[in-house]
Amino acid sequence: MNIDINNYNISTLVDGCKQLNIELSEKQIKQFICYYQMLTEKNKVMNLTAITQWEEVLTRHFLDSLLICRVRDLNQEKPEILDMGTGAGFPGIPLKIAIPSLRITLADSLNKRILFLEEVIQELGLKGISAVHARAEELGHKKEYRERYDLVVSRAVANLSSLSEYCLPFVKTGGQFISYKSTNIDIEYKESLRAISLMGGKSKGITTLPLPCTDLERSFVIIDKVAATPNKYPRKPGTPSKDPIR
């Protein structure tokens, strides 16, 4: 990882992280830059993100991923985390870089993305993080993953009712599922409450926060796992998205 920090304006990254009570070392800054380089290079041959400009990636991917630290003190708690539908590695990779002690599993249904993430993990020298190729509906029925995690996060673009069926089966009782959402999700949120309850969850509501170094906002839906998920969930592959629970 041969990175020259001087070739990049890192002020947005450093200042934004400070607003989230995260102090980055030179090594961590280099890891973020390397991740950016790998992301944009791979994006030339594979659709990973529509956002490729340095400053935009810093705010709308890296700092956005880390904004969850305003919702939970991950540095202090150090929960075991599953990032479901991680895509290009958000929020899992930025969280791992910023808080190296976190134990994180990245899961995605597209193997090409997983292969890319494994390259990133190796190149950045990250430990205590793994990438798994699987659909949530299948992985959720494997005993080594089911109800294992303290915290499941997802930045995936999917209906909250479907996401709850995908994600809550992985959360241990007493843990949480936190979904990254855009603002103006009141109707989607209300329509998801039955699914959340059926999965053993109890919603704590919507928290909306400003995104550092921007005029944007991000909403988080915070769901406590209060009871075990019935064995029949998640339903067979494709069903949660085609037929969301209402």
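In the predicted model, Arg-72 is in contact with Glu-77, Pro-79, Asp-150, Leu-151, Gln-176 and Ile-178, when its neighbours within four places in sequence are left aside. Arg-72 itself lies in the loop between α3 and α4, the latter comprising residues 74-77. With a relative accessibility of 14%, Arg-72 counts as buried, because the limit for that class is under 20%. Among the residues in contact with Arg-72, Glu-77 is also joined to it through a polar contact between the two side chains, at 2.5 Å.

Residues up to four places away in sequence not being counted, Glu-123 touches Met-1, Cys-34 and Met-38. In the case of Cys-34, the separation from Glu-123 is 89 residues in sequence, whereas the C-alpha to C-alpha distance is 8.2 Å.

The largest pocket of the model has a volume of about 1,000 Å³. Its lining consists of 35 residues, and those nearest the centre are Gly-85, Arg-155, Ala-156, Val-157 and Ala-158. Two or more lining residues are given by each of the elements α3 (54-66), β2 (103-108), α7 (136-139), α8 (160-167), β5 (171-181) and β7 (217-225). Helix α3 supplies the largest share, 3 residues. By residue class, the lining of this pocket comprises 16 nonpolar, 9 polar and 10 charged residues.

Notes: Residues are numbered from 1 along each chain as its sequence is written. This is a predicted model: local features need pLDDT of at least 70, side-chain atom pairs count only at pLDDT 80 or more; totals for chains, interfaces and linings use all residues. Side-chain values use heavy atoms; hydrogens and water are left out. On a 1 Å grid over the protein atoms alone, a cavity is a set of points where a 1.4 Å probe fits but cannot get out, and a pocket is an open set with protein on both sides within 12 Å along at least five of seven lines; lining residues have an atom within 4 Å of a point. Grid points are joined across faces, edges and corners, and a volume is the space filled by probe spheres set on the points. Helices (H or I, at least four residues) and strands (E, at least two) are DSSP runs, numbered from the N terminus. Ala, Val, Leu, Ile, Met, Phe, Trp, Tyr, Cys and Pro count as nonpolar, Asp, Glu, Lys and Arg as charged, and the others, Gly among them, as polar. Buried means under 20% relative accessible area, exposed over 50%, partly exposed in between (1.4 Å probe, protein chains only). A polar contact is a pair of N or O atoms within 3.5 Å; within protein, one must be able to donate a hydrogen and the other to accept it, and residues adjacent in sequence count only if both atoms are side-chain atoms. Contact means heavy atoms within 4.5 Å.
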